[in-house]
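Please look through the structure shown here before reading the notes that follow.

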Amino acid sequence: MTRDATTIPSAGPAAEERTASSSLADFCTPPTWTVRPEDIEDVRRLQGEIRQLARARSAVILAHNYQLPAVQEVADILGDSLALAIKARETDAERIVFCGVHFMAESAKILNMDRKVLLPSLAAGCSLADSITADSLQDWKERYPGHVVVTYINSSAEVKALSDICCTSANAVSVVRSLREDKILFTPDRNLGRWVARQVPEKDIVLYDGCCPTHDVLRGISVEKTVQTHPRAVVIAHPECREDVLDMADEICSTSGMVDAVARHPEAQTFIIATEWAMVYRLQQVYPDKEFVMADGCIGCRLHCPYMKMIDLPLVKRALEEDVFEIEVDPEVAAGARRSLERMLAVPRDR
Ligand code: CIZ
């Protein structure tokens, strides 16, 4: 039972109703995360307890599309960071339990300063977000006077506060097009920035040299091999992938955009997915009759984000029971970051 934040805003979760025959145990993940058939009953019990706790504590559970399948299943709302940021702003729950990484929970807090935002594991960081600090951005701004700073949502509150506008993978092109100015510093993801620059050639875009290692590890040659074994497949890639991968893609979009992209190809049976592996579980739930294949051809890296996998069901339960770990943001920094986020939220998704 999965929900798309953009289409089913408040559907109630039904982890309690699930049966042991669910696809959780069949889903082919890196072995550490595969649920053994003999453990399914325990997983279901834990999911039921989490749902009960969420109700009792007036909590909404938001989960990113890269979360573990068992965590995706207990979420009230699933989505990419843009969809989740919007939903976080709309909720009237007392608590937001954010199953994602730190910058996402921090963005939810910035947009909801009067609500408690909990991140079940503080180890859930983001190496891309950490590739730029307030100091390094300040230094860069001084080197490029007169440039507007567009910052990917994968960044700290301090960096957002020093930026003119944020973007996500779901609206980066529209955000850049919406600017009156032509000189832009795009930070921190160089792959996303390069892809945006190709769509908006009329702007002069300087790229910061950061990347998401999970996506950047994928090479076109690996995708080519996967295409050779599935010649009729549609290739869907995330814009954090390198240019050689994007050049082979039929569709380039954010994770929530991938859900819509599959629907645009009703004739296709097989889809090659170039993003973090948990997205394949999400797509399988929405399209049980289609086949989804990881783009890496299983060369070992498995497009695995270790930070997204820091959160599991016991930690979600603990977050609800103990009210941990609360995200706090300095009010002045939050005000600056909120300005960049609100400015972004006024721009529609790319599609
Ligand atoms: O913006 C996000 O949520 C990220 C990091 C990926 C995606 O497209 O969902």
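Helices α4 and α16 of this predicted model pack at an angle of about 95°, with their axes 9 Å apart. An angle of 65 to 115 degrees counts as roughly perpendicular, and α4 and α16 are therefore roughly perpendicular to each other. On the α4 side the contact is made by Ser 107, Ile 110 and Leu 111, and on the α16 side, residues 331–345, by Ala 334, Ala 337, Arg 338 and Leu 341. By class, the contact of α4 with α16 comprises five nonpolar residues, one polar and one charged. An α-helix has 3.6 residues a turn, so residues three or four places apart point the same way.

Helix α4 (residues 102–111) also packs on helix α3 (residues 81–90), here at an angle of about 30° and again with the axes 9 Å apart. The crossing of α3 and α4 is right-handed. From α3, the residues taking part are Ser 81, Leu 84, Ala 85, Ala 88 and Arg 89, and they meet Met 104, Ser 107, Ala 108 and Leu 111 of α4. Six of the residues in the contact of α3 with α4 are nonpolar, two are polar and one is charged.

How much of α3 is buried? Seven of the ten residues of α3 are buried, and the helix is mostly covered. The buried residues are Ser 81, Leu 82, Ala 83, Leu 84, Ala 85, Lys 87 and Ala 88. Their packing partners are β1, β2 (77–79), β3 (95–99), α4, α13 (255–263) and α16.

Leu 62 lies in strand β1 (residues 59–64). With 29 other C-beta atoms within 10 Å, Leu 62 is buried, because 20 or more is the cut-off for that class. Leaving aside neighbours within four places in sequence, Leu 62 is in contact with Ala 75, Ile 77, Leu 84, Lys 87, Ala 88, Ile 96, Phe 98, Cys 99 and Ala 108. Leu 62 and Asp 76 are 14 residues apart in sequence, yet their C-alpha atoms are 6.1 Å apart in space.

Next, the ligand. The residues that surround the ligand are His 64, Asn 65, Asp 80, Ser 81, Ile 153, Asn 154, Thr 168, Ser 169, His 238, Ser 254 and Thr 255. By class, this shell has nine polar residues, one nonpolar and one charged. Ser 81 belongs to the shell around the ligand and is also among the buried residues of α3.

Some backbone details remain. The peptide bond from Thr 187 to Pro 188 is cis, with omega near -15°, and Pro 188 is in the loop between β7 (183–187) and α9 (190–199). The bond from Val 324 to Phe 325 is cis as well, with omega near -10°. Phe 325 lies in the loop between α15 (313–322) and α16, where Asp 323 is also found. Asp 323 is not a glycine, but has a positive phi of about 60°; with 14 C-beta neighbours inside 10 Å, Asp 323 counts as partly exposed. Ser 58, in the loop between α1 (40–56) and β1, has a positive phi of about 45° although it is not a glycine. Ser 58 counts as exposed because it has 12 C-beta neighbours inside 10 Å.

Technical notes:
Residues are numbered from 1 along each chain as its sequence is written. This is a predicted model: local features need pLDDT of at least 70, side-chain atom pairs count only at pLDDT 80 or more; totals for chains, interfaces and linings use all residues. Axes are lines fitted to C-alpha atoms, for helices over the stretch in contact, and angles run from 0 to 180 degrees between N-to-C directions. Helices (H or I, at least four residues) and strands (E, at least two) are DSSP runs, numbered from the N terminus. A crossing is left-handed if the near helix is turned anticlockwise from the far one by less than a right angle, and right-handed if clockwise. Two residues are in contact if their C-beta atoms, placed from the backbone, lie within 7 Å. Ala, Val, Leu, Ile, Met, Phe, Trp, Tyr, Cys and Pro count as nonpolar, Asp, Glu, Lys and Arg as charged, and the others, Gly among them, as polar. A residue is near a molecule or strand if its C-beta atom, placed from the backbone, lies within 6 Å of it. Angles under 35 degrees count as roughly parallel, over 145 as roughly antiparallel, 65 to 115 as roughly perpendicular and the rest as oblique.
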